[in-house]
Every structure is written in C-alpha cells, then in structure tokens.
Amino acid sequence: MLLPLAGCGGGTKSRQEPQAPAAGAPQATAGAQGASGQTASPAACPTKATRKFAKTRFITNAGLAAGTFKRYIYTPFKSGAFQAGAPKRKRSIAKAAVAAVFAFDQLRRAKTNAQADPTLCKVLISPIDKLSSSMKDLAGKLKGGNADPTEIGGVFDGIEGFRKDAGGAGAGFQDKTPPASAVGG
C-alpha cells in the first residue's frame, strides 16, 4: 500500500511533498482507529479533499455494496432460498457468498474514498469499519455454507444505519445493482 502512495508523490515535488506526511498519518491511525471502533479524529482526516470526486465515488461504492447485499443475500434469504430443502439452495448460498465478498470490497473502496473527504472522514469511518467487519464475518459463514438468520438481519440493519449516517453527512446513497459478471449472474 505504501508503494502506490510513494508513486503518487514523486510526480510533482513541490505540491505533493507536504501531503505525503498527511497521507501517512491516516494510515498510522487507521489501525488504532479500527481497533478502537471510534470515529476518525480530526487530526487523522484531511482538511481538504485529497482525491478527485471522493464523495461521488463513495456514493457509488456504498450503493453497490448495499444493492449487492439486498439483491443476492437479503432478498433470497427472506424468500427462503437458504432453508434446507429449498430448490437451488446451494447455488443461492454460493451466489450469496460471492456477493458478500463483492460487497465487502465495495465497502473497502467506500472507506478509501471517505478518508479522502474531510466531512465523510469525520462521520463515516467508524460505521464503515463496523459494517465491513459484519460483512466479512457473513462472507466467511456463507462460504462455509451457513446462513445465519440473525447475522443477515444484523447486516441489513447495519446497512440501513450506515445509509442514514451517510445521508446526514451529505452523501446519501441508493441501492445500485452490480454488474452480473461481478457476482455471477
């Protein structure tokens, strides 16, 4: 992860050198931030946007994560596709596992974009960390063939809470349907 940051700073020395320590600072606090579960401190957040269209990218990634979860995990779960004896149960669970991994990746990308925007960074890092952790746990259980109803419901509630937090930060998002190739149909 340091190599891409080092590669970005080498192009324009006069402007990028002052930002290099700032780019390193969030990484140094990100581990402590995830472990403590607290919102990013103002010192860890940038004072101005460090990435072009960070909020737009965040909205897209968060919408893809929510839409993927709803289409491939929550809706099949509510319709009974994961229950023993359901037709195409194994296929539904396999698709749900792939979808959970895709949604987790979209949340990772959303976090990167939130860290590049001062407002989003201060408000949304902690909720993204919590939701990402839940999604990762769910993906692992689905890969093992287990569909825990309480965990699926908990992730759904987490997404809705995250949606509310994002809307309050001025980055409300709607569910977006992922490309069929991303999840397998």
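This is a predicted model: local features need pLDDT of at least 70, side-chain atom pairs count only at pLDDT 80 or more; totals for chains, interfaces and linings use all residues.

Visitor: What span is expected for H6, at 1.5 Å a residue?

Guide: H6 covers residues 149–168, which is 20 residues. From first C-alpha to last it reaches 29 Å. That is close to the expected value, 28 Å.

Visitor: Within what arc do the buried residues of H6 fall, seen down its axis?

Guide: The buried residues are Glu151, Ile152, Val155, Ile159, Phe162, Arg163 and Ala166. They line one face of the helix, because seen down the axis of H6 they fall within an arc of 125 degrees.

Visitor: Is H3 roughly parallel or antiparallel to H6?

Guide: Their axes lie 11 Å apart. The packing angle is about 155 degrees. Angles over 145 degrees count as roughly antiparallel, so H3 is, relative to H6, roughly antiparallel.

Visitor: Which residues of H6 does H3 meet?

Guide: H3 passes H6 in a left-handed crossing. H3 brings Phe58, Ala62, Ala66, Phe69, Ile73, Tyr74 and Phe77. In H6 they meet Pro149, Ile152, Val155, Phe156, Ile159, Phe162, Arg163 and Ala166.

Visitor: Which residue just after H6 takes a positive phi?

Guide: The phi there is about 85 degrees. The residue is Gly170.

Definitions and conventions:
Residues are numbered from 1 along each chain as its sequence is written. Side-chain values use heavy atoms; hydrogens and water are left out. Helices (H or I, at least four residues) and strands (E, at least two) are DSSP runs, numbered from the N terminus. The expected span of a helix is 1.5 Å times one less than its number of residues. Buried means under 20% relative accessible area, exposed over 50%, partly exposed in between (1.4 Å probe, protein chains only). The arc is that of the directions from the helix axis to the C-beta atoms. Axes are lines fitted to C-alpha atoms, for helices over the stretch in contact, and angles run from 0 to 180 degrees between N-to-C directions. Angles under 35 degrees count as roughly parallel, over 145 as roughly antiparallel, 65 to 115 as roughly perpendicular and the rest as oblique. A crossing is left-handed if the near helix is turned anticlockwise from the far one by less than a right angle, and right-handed if clockwise. Contact means heavy atoms within 4.5 Å.
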